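Open the structure in your viewer and keep the selection tool at hand. The tour moves from the whole chain to single residues, one selection at a time.

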Amino acid sequence: MASNGSLRATHQASPGSPAEAHQKALFSKLWKDPKHRKTVKAMHERAMATLEAQQRSGAGYEADKALRHFQQEYNTRWMTQGSRSFPSSFEVGEAFFATRREFAGLFLLPERDYLVSFTDFLDFATSGDAPSSEVDKAYRLDDHVIYNISSLDKPDDLLLETDSNSSFAFVAASMVRRGDELAMLMVLGEQRPPEETARMTRDITEVRLNPNKPHLKSVDLEDNEPMYLSGSDLARTLAFVRFNLKGRRVESRMLMHELTKSFHVISDNERMFPRRAEGSPRSHESAAEKLDALGSVWEIAKTLALLPSYLAARIDVMQSEDQATRLGAELRTSMKAKRAVEHALAESRVLHRRISAIRVVRAAPLILAGRSYSAPTFQVPVEGFWRHFIDATRQGHDENGDVIVGRTWVRAHIRHKDKEAPTEPKVVYIKASLSLARQRLERFQKASTQRMAGVSPVGVASSAATSDAPGEHVGAQTSPPEQASAQTGAFLYVMRCPAHGRNIFKVGFTDRDPEVRARELSAATASPTHFLVVQAWAVSDGAKAEKAAHDGLDRFRLSSSREFFQSTYADLRKSIEASIAPWELD
């Protein structure tokens, strides 16, 4: 984007350069002038007060909280260590901020806040009358204005998944358009395999210092644990992405797993590897491949590009709500707060936020689980990549050969030299979260254990009780599935495998986590795409609930010896829930 590079170039010369020596001499001369020192002090006070006011002037939702986290981090680094210390997220994050000539600091652009049901938005975005060409309507977003969108739904109400191992829930997003480019920061909840969490935590504790930034202090990363969304088992994850609307391409991606002391970062932008020699190293190639594998994150971002069309379509049910900011509440009662922002710019002292809320009331719950769709098409470029210069004042060229400061476009990325651009869009699968089912089964098992305390169980079941079609069984069991599930409870699940075709589902039960069972089935059947858990119910007796479900679905059954059924998911779910009602756990 036009602003990238210019900020770094303006405020700090590269180390050891003649420009840096000139800057130091000039600053030394000016600092000896008492009038200049007084001016600088006043500028600094005004900058700090304005930053403090903006930090307390958010609506209090996840979107504006995430923005303010990065505002604080960027400004702290800039003021203590200079612009060369900006983290790699600044490649996209810079778009949300502006600078002022009168003092140093990164200040948030004007904000607009929205509350929407992400489920309703997805229903709109995946309907037949929302073609991908609607992405052009993203130009309706006012230039240099931040749009904060927070979901009214519980994060674990539904998850989105492609053919990767992780599923993601949408929590909030901030987006800003600057000309043809759309920058986005998303707050997500990630459901990932336990082994992935263990590997990620191990990796981050082993890397204590970015070798490209030796001036930064090392941080003790022992006991660095994943963070989870409040009230759920979904890992808190942030994602930065920048689109070129005109070229319909993704220009930068970054995934940030939030940990208690840091972030575990995967990025394909060149700020992560600024000192490397010509020819991309394996580290950059590996990072890009990891991001490609987490397809559902980028498909969510692409889908959010349809937001302007959704807001226009729901304008008749949009209502304005006033939300007091933290600053507004504090100024009524605290003299300390008043003094802290006394010198702040007037526009930064926001006491109330006007929230645009879209609360859609439906006669019946909207069920999206089981639905699949293709997001609008944005290609990840295969013809080259951006390289950022160590000397931020150095001129480079963009894809068209035009001069640009601080970076340059390099053709023929080694990762892509033998890789063609994908011709088919990724398919996104919408599924229900397993959180509620897990909680219900855990309560049932705990109650069962308490009832059986002091009593020697007879014929205790193994933890591998499942019901599978011939050739799909994984693991042994020492007692019949009916006996096992009757003692410990079980999950009645619905799975689908994208390779099997549209509206074909597997219905079975297991007394283990359905996600674990899905991975086992994927490995055992050697399917080109893995099984996805669409939904699961906690039941007191898995075998009986499964038999009742199968009987109710008999007209949809593809084979009498297999657990596969062909039906729309809405009809399938309706039949299952009616059949298993006597065994479903509350």
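This is a predicted model: local features need pLDDT of at least 70, side-chain atom pairs count only at pLDDT 80 or more; totals for chains, interfaces and linings use all residues.

Residues are numbered from 1 along each chain as its sequence is written, and side-chain values use heavy atoms, with hydrogens and water left out.

Begin with the protein chain in cartoon view, where you will find 17 helices and 22 strands; these are DSSP runs numbered from the N terminus, helices being H or I with at least four residues and strands being E with at least two. Of its 586 residues, 53% count as buried, where buried means under 20% relative accessible area, exposed means over 50%, and partly exposed lies in between, with a 1.4 Å probe and protein chains only.

Next, select Met186 and Leu304, the residues with the most contacts inside the largest nonpolar core, which has 50 residues. Such a core is a set of buried Ala, Val, Leu, Ile, Met, Phe, Trp, Tyr and Cys residues joined through side-chain atoms within 4.5 Å. Leaving aside residues up to four places away in sequence, Met186 touches several residues, among them Ala172, Thr237, Val297 and Leu304, a contact being heavy atoms within 4.5 Å. Apart from this core lies another, of 31 residues, including Phe70, Ile146, Val171 and Leu234.

Now turn to the aromatic rings, which form 14 pairs. Rings of Phe, Tyr and Trp (its six-membered ring) pair if their centres lie within 6.5 Å, and planes under 30 degrees apart count as stacked, over 60 as edge-to-face and the rest as tilted. Select Trp78 and Phe86, an edge-to-face pair with 6.0 Å centre to centre and 65° between the planes; Trp78 and Phe86 are buried.

Then select Phe505 and Tyr569, a tilted pair at 5.4 Å centre to centre and 50° between the planes. Phe505 lies in strand 20 (residues 504-510) and Tyr569 in helix 17 (residues 569-579), so the pair ties together parts that are 64 residues apart in sequence.

Finish in the loops. Most residues other than glycine have a negative phi. His144, however, has a positive phi of about 60°, and it lies in the loop between helix 6 (118-125) and strand 4 (146-151). Arg248, with a positive phi near 50°, is in the loop between strand 8 (235-244) and strand 9 (249-258).
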